[in-house]
Amino acid sequence: MASWRRVAAALSNALRSPRSLKAVALRSAVGPGLLGSLIGTGVICYYQYHAKHRTLPFAVHAEVPQEAAAAPPSPRRVRFNQFASVVYEQEPYMTARDFLFSVMLEKVDRKLQKKNLTAKDVNRMLEVASKARAGNELFRTIGDNSLISYTEYLFLLTILTKPRTGFHIAFKMLDVDGNEQVDQKEFLKLKNIIGKSKTRVPKESTEKPAEEEESSKTTLQAYFFGKRGENKLQYQEFQMFMEDLQAEVQEMEFLQFSRGMDTMRREDFAEWLLHYTNEEDNELYWQNIRRRIPAGQSITFAEFKAFCLFANNLEDFAFSVKLVTGANRPVGMAQFKRAVRIATGHNLSENVLDTVFKLFDMDGDNCLSHKEFMGVMKDRVLRGLRVQQQNGLSGYWRCVKQETLKAAQEALGGNTGCPF
């Protein structure tokens, strides 16, 4: 109010000051104009204020909540949808061939649309599954005459990536009467438990939880329990199925990286190990391969299979390493051998061990970089589904670390003895 009084006083003094006739005329024109401007400004401000704060007796204006953006699907769901080649009742399914490709290849260039199955097609697939014979060529035999749901995809992935002890424990928990067998209903509980633990569905996601996904029969159910579901599954049969599936995938991966030969060269074995690792990391590893691994030396399928068994017990190995050497410390050859023996009950061949150490010995001290090795192995076992792009500050510091390692290797030149 004080400021407005000062304005009014200044205007009054200006209008009262003695002037010429021209000034008098000017005062008579400016006074009403200025007054009109003040009134007009007040009216505009009044309507602007009430436009924002008005409440009308005949209408209510409520803020419409915006729909939250749907969370992206999990990497496993993306992989499943990418490789699934058939659709039944508007739900995508894999065939056995699709599953094998999904664990061997990073992506598929699908040139055809997904095939829509009829009830007759599904019945034919179930008939094939119920008559299929066990063995390490089961999935290649039934091929496209099969139906695998998303839950079963997670279940099969777990068989390939986890030790069998966990399955035996879960099987015994569902085997109430202790006769080492379960019926179809009990098996579905086991499968859904495994599927639920394998995926994490955000609350806002539209992705259906694993245990709510499927209601129709699939190839696995028909294979284990018959087309009508009247059979029971013995744990010994289930254990054989797990071993056969692991052996089938291992054989196909071995043939893929050995280019169809009976033995795999050590550099091909290193390529298999690094297949799902970030490309920015691979150059350092390949420098080690070119400098340290002699050409012409090979690894047999038996050696490769023993290493895959070790990879499936990676968590037990990590725990054993901590007991032997301490957390995140370099690991010598003797400590590595001992930890593998504790975790798996088996030994790795000298050929495989030498390849692993020469690949992951980052500073030439005959010790294995535990953190780097575990990171690569987790990506290998999970087949790339764990890898995330690193951008921003974390990516910058990763680059600094790599350049520092390169500089250290050039500066050191020779070997420094491993302290462990």
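Of the 420 residues of the protein chain in this predicted model, 40% count as buried. The chain holds 19 helices and seven strands. Among contacts between residues at least 6 apart in sequence, 72% join residues at least 24 apart.

Leaving out residues up to four places away in sequence, Gln181 touches Phe171, Asp175, Glu186, Lys232, Leu233 and Gln234. With Gln234, there is also a polar contact of 2.5 Å between the side chains of Gln181 and Gln234.

The axes of helix 3 and helix 7 come within 11 Å and cross at roughly 110°. Angles of 65 to 115 degrees count as roughly perpendicular, so helix 3 and helix 7 are roughly perpendicular to each other. The crossing of these two helices is right-handed. The table lists the residues that make the contact between helix 3 and helix 7.

| Helix | Residue range | Residues in the contact |
|---|---|---|
| Helix 3 | residues 75-83 | Arg76, Arg77, Arg79 and Phe80 |
| Helix 7 | residues 150-161 | Tyr150, Tyr153, Leu154 and Leu157 |

By class, five residues in the contact of helix 3 with helix 7 are nonpolar and three are charged, while no polar residue takes part.

Key
Residues are numbered from 1 along each chain as its sequence is written. This is a predicted model: local features need pLDDT of at least 70, side-chain atom pairs count only at pLDDT 80 or more; totals for chains, interfaces and linings use all residues. Side-chain values use heavy atoms; hydrogens and water are left out. A polar contact is a pair of N or O atoms within 3.5 Å; within protein, one must be able to donate a hydrogen and the other to accept it, and residues adjacent in sequence count only if both atoms are side-chain atoms. Contact means heavy atoms within 4.5 Å. Axes are lines fitted to C-alpha atoms, for helices over the stretch in contact, and angles run from 0 to 180 degrees between N-to-C directions. Helices (H or I, at least four residues) and strands (E, at least two) are DSSP runs, numbered from the N terminus. Angles under 35 degrees count as roughly parallel, over 145 as roughly antiparallel, 65 to 115 as roughly perpendicular and the rest as oblique. A crossing is left-handed if the near helix is turned anticlockwise from the far one by less than a right angle, and right-handed if clockwise. Ala, Val, Leu, Ile, Met, Phe, Trp, Tyr, Cys and Pro count as nonpolar, Asp, Glu, Lys and Arg as charged, and the others, Gly among them, as polar. Buried means under 20% relative accessible area, exposed over 50%, partly exposed in between (1.4 Å probe, protein chains only).
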